Amino acid sequence: MHSHWEHFDHGADIGVRGFGPTEAAAFEQAALALTAVVADPEAVRAVDRVDFDCEAPDAELLLVHWLNAVISQMALHRMLFARYQVQIHGHRLTAHALGETLCAPRHGPAVEVKGATVTALRVARLPGGWVAQTVVDV
Amino acid sequence: MDLRTLHRLAPCVWEIPRRNGMHVPAVVYASEDLMREMDEKVREQAENVARLPGIVGASYAMPDAHWGYGFPIGGVAAFDAGAGGVVSAGGVGFDISCGVRCLHTGLKRADILAVQQPLADALFEHIPAGVGSTGAIHLNSEQMHDMLTGGARWAVERGWGTATDLERIEEHGQIPHARPGCVSAVAKARQREEMGTLGSGNHYLEVQEVAEIFDAEAAAVYGLAPGDVMVMIHCGSRGLGHQIGSEFLLRMAAEAPAHGLHLPDRELACAPIHSDLGQEYLGAMRAAINCALANRQILTHLVRVVFSTRFPAARLPLLYDVSHNTCKVEQHRVEGQRRELHVHRKGATRAFGPGHPELQPALRPAGQPVLVGGSMGTGSYVLAGNASSEGLAFASACHGAGRAMSRHQAQKTWHGRNVLDELARRGIAVRSPSLRGIAEEAPGAYKDVAAVVDATQAAGLARKVARLAPLICIKG
């Protein structure tokens with residue numbers, strides 16, 4: 001399975017879904033889908049690095065922790081991220097993201113993400129890879 | 001929604017009877033048309049809420065209800081702490097105390113039309129709006145603590161408003177028992193630069209005209225007349241509230257089994273009101289309510305500054321300020337007995353009836369103003385709480401139009417430029433930092449707000465007082 005992401009519909013909000021050959025790759029793609037809720041990831045330059053370290057009781061809650069950590073860092077540093085590198089060991093995740101300071105005229109951000117929910121939450125092995133998805137509140 | 005197994009109690013009242021572990025029935029207030037359009041998920045979520053311990057009366061859904069997370073958006077549920085009741089982060093939502101504030105301007109439509117474009121530009125320049133925007137007020141730790149306990153009162157004491165504003169805000173602008181110590185350092189850090197910002201998504205600031213009066217008596221009490229110009233602000237507790245909602249949702253999901261809560265779905269994450277976690281959440285959530293009230297108060301100040309440059313005599317007094325994402329401790333009569341309940345309103349507006357002691361004496365003859373925001377093109381409504389409101393859904397009414405189409409679908413359906421041009425043809429000046437955001441918020445992406453308020457009135461939840469039509473919209 002090649003790594004890719006997509007959005008899925010959820011009433012007032014929006015679903016983020018990542019696919020990848022590994023669980024970590026699916027988490028990376030879910031985070032890219034998160035960036036894409038705000039702006040086109042292709043328009044974001046990978047110049048500044050932010051590190052992450054999250055832990056949760058299970059794989060699904062780990063995805064929510066991970067996306068919430070990204071959302072918090074986007075808000076705190078007023079950044080967008082273009083690339084994510086994730087490692088997962090059990091239910092602990094370490095990662096870094098590369099991005100740049102938000103530039104409204106260039107990025108044209110549509111909406112800020114408030115938080116990741118546990119709605120439609122799923123982290124699962126598929127034939128040939130993994131899927132990681134949840135709904136984010138905007 | 002499939003209506004076949006529902007009991008129609010009245011034209012706009014539908015009961016989902018108790019089944020499969022529901023402690024109480026679920027009740028949906030809506031017309032048949034709105035019911036048929038309503039997502040089946042609303043039914044599923046309303047039923048799930050009815051399975052939570054300590055729920056009282058029924059699990060309610062308002063006419064604008066749609067699929068939420070755990071609780072439906074447009075959901076109302078009250079819990080008795082003494083009966084093992086719970087508090088739920090999902091039942092309040094991520095944008096804690098998101099709400100609507102409405103200001104009089106003392107101006108008429110013609111006054112605004114004479115300066116419509118430059119006034120829109122000036123509001124857009126001075127009201128921080130959109131993703132990543134920051135305010136001019138930066139709080140240190142001590143100021144943050146004071147703001148989280150003081151709410152709008154804190155803002156007024158710093159010169160961003162008047163004491164009379166506080167009389168027209170729920171809880172008089174300051175909810176008690178806030179616990180800033182239960183708010184994480186990250187949540188506070190997110191808020192440090194965001195005081196006095198509008199946010200994005202469905203948040204907006206509009207200059208509106210009173211286009212229609214339905215209840216002349218209540219309109220007179222509220223000071224509304226045809227052609228009057230009002231300002232409506234829709235926003236919430238910004239990054240602080242989002243962070244609190246996110247953190248406690250996860251903690252509640254993780255700790256539910258330890259509290260003996262066996263939830264039908266983890267998205268119903270909650271904690272017993274009497275638990276440490278429940279009390280911590282309530283303390284943090286109240287701090288976020290104060291944050292939202294302070295934020296709307298600062299935005300009010302900014303609006304007054306902008307108007308003063310064009311209309312030096314304009315004072316912009318407050319009509320009212322409502323919050324529609326909250327959990328509040330209220331006294332309600334249930335089966336003849338007065339009980340203290342924790343009332344969750346997730347996308348629902350409190351609607352106290354005439355004479356309620358919480359209301360400013362000047363408002364008591366009409367009942368609480370219920371401010372209902374619509375979409376950019378369709379307008380908004382002012383309703384009034386009824387004497388019958390309390391007996392229906394713990395004195396609650398609708399909060400908005402509710403989305404009819406996902407953001408994803410709206411993006412595919414409309415282009416922001418075309419939406420702006422169409423609204424301009426209809427005399428509405430829109431300013432926004434994001435064309436994609438405009439497309440996602442296109443009027444056609446929302447339900448018919450008129451149908452929602454008609455159903456609200458028909459159900460007896462609140463009555464229509466006035467319809468407001470937009471002239472200027474600043475969209476975050």
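In this predicted model, the largest nonpolar core holds 222 residues. The residues with the most contacts inside this core are F27(A), A30(A) and L67(A). The biggest share of the core comes from α10(B), which puts in 18 residues. As a general point, nonpolar side chains in soluble globular proteins tend to be buried together.

Setting aside its neighbours within four places in sequence, A30(A) is in contact with W5(A), V16(A), R17(A), G18(A), L63(A), L67(A), A132(A) and Q133(A). Next along is A31(A), which sits in helix α1 of chain A, a helix covering residues 23-38. A31(A) is buried, because 28 other C-beta atoms lie within 10 Å and the cut-off for burial is 20 or more. Not counting residues up to four places away in sequence, A31(A) touches W66(A), L67(A), V70(A) and Y84(A). R17(A) is 14 residues from A31(A) along the chain, and the C-alpha atoms of the two are 8.6 Å apart.

Stepping back to chain A as a whole, there are three helices and eight strands, laid out along the sequence as β-β-α-β-α-β-β-α-β-β-β. The radius of gyration of chain A is 14 Å, close to the 14 Å that the globule rule gives for 138 residues, so chain A is as compact as a globular protein of that length. Its C-alpha trace spans about 40 × 35 × 25 Å along the principal axes. Of the 138 residues in chain A, 57% are buried. Among contacts in chain A between residues at least 6 apart in sequence, 61% link residues at least 24 apart.

Chain A also meets chain B, in a contact that takes 32 residues from chain A and 39 residues from chain B. On the chain B side, the elements giving two or more residues are β4 (55-69), α7 (185-191), α9 (238-255), α12 (407-413) and α14 (435-440). Of these, α9(B) gives the most, with nine residues.

Within chain B, helix α4 (residues 116-126) packs against helix α10 (residues 276-310) at an angle of about 145°, with their axes 10 Å apart. The crossing of α4(B) and α10(B) is right-handed. From α4(B) come L119(B), A122(B), L123(B) and H126(B), which meet L302(B), V305(B), V306(B), T309(B) and R310(B) in α10(B). By type, the residues of this contact are six nonpolar, two polar and one charged. Elsewhere in chain B, helix α15 (residues 449-459) has as its buried residues V449(B), V452(B), V453(B), A455(B), T456(B), Q457(B) and A459(B).

After α15(B) comes G460(B), with a positive phi near 90°. Most residues other than glycine have a negative phi. N20(B) is not a glycine, yet its phi is positive, at about 45°. N20(B) is placed in the loop between β2 (13-16) and β3 (26-29) of chain B, and is exposed, with 8 other C-beta atoms within 10 Å. H172(B), likewise not a glycine, has a positive phi of about 55°. The loop between α6 (163-166) and α7 of chain B holds H172(B), which counts as partly exposed with 17 C-beta neighbours inside 10 Å.

Terms used: Residues are numbered from 1 along each chain as its sequence is written. Chains are lettered from A and ligands numbered from 1 in the order in which they are written. This is a predicted model: local features need pLDDT of at least 70, side-chain atom pairs count only at pLDDT 80 or more; totals for chains, interfaces and linings use all residues. Two residues are in contact if their C-beta atoms, placed from the backbone, lie within 7 Å. Helices (H or I, at least four residues) and strands (E, at least two) are DSSP runs, numbered from the N terminus. Axes are lines fitted to C-alpha atoms, for helices over the stretch in contact, and angles run from 0 to 180 degrees between N-to-C directions. A crossing is left-handed if the near helix is turned anticlockwise from the far one by less than a right angle, and right-handed if clockwise. Ala, Val, Leu, Ile, Met, Phe, Trp, Tyr, Cys and Pro count as nonpolar, Asp, Glu, Lys and Arg as charged, and the others, Gly among them, as polar. A nonpolar core is a set of buried Ala, Val, Leu, Ile, Met, Phe, Trp, Tyr and Cys residues joined through C-beta atoms within 7 Å. A residue is buried if 20 or more other C-beta atoms lie within 10 Å of its own, exposed if 12 or fewer, and partly exposed in between; C-beta atoms are placed from the backbone. The radius of gyration is taken over C-alpha atoms; the globule rule is 2.2 Å times the number of residues to the power 0.38.
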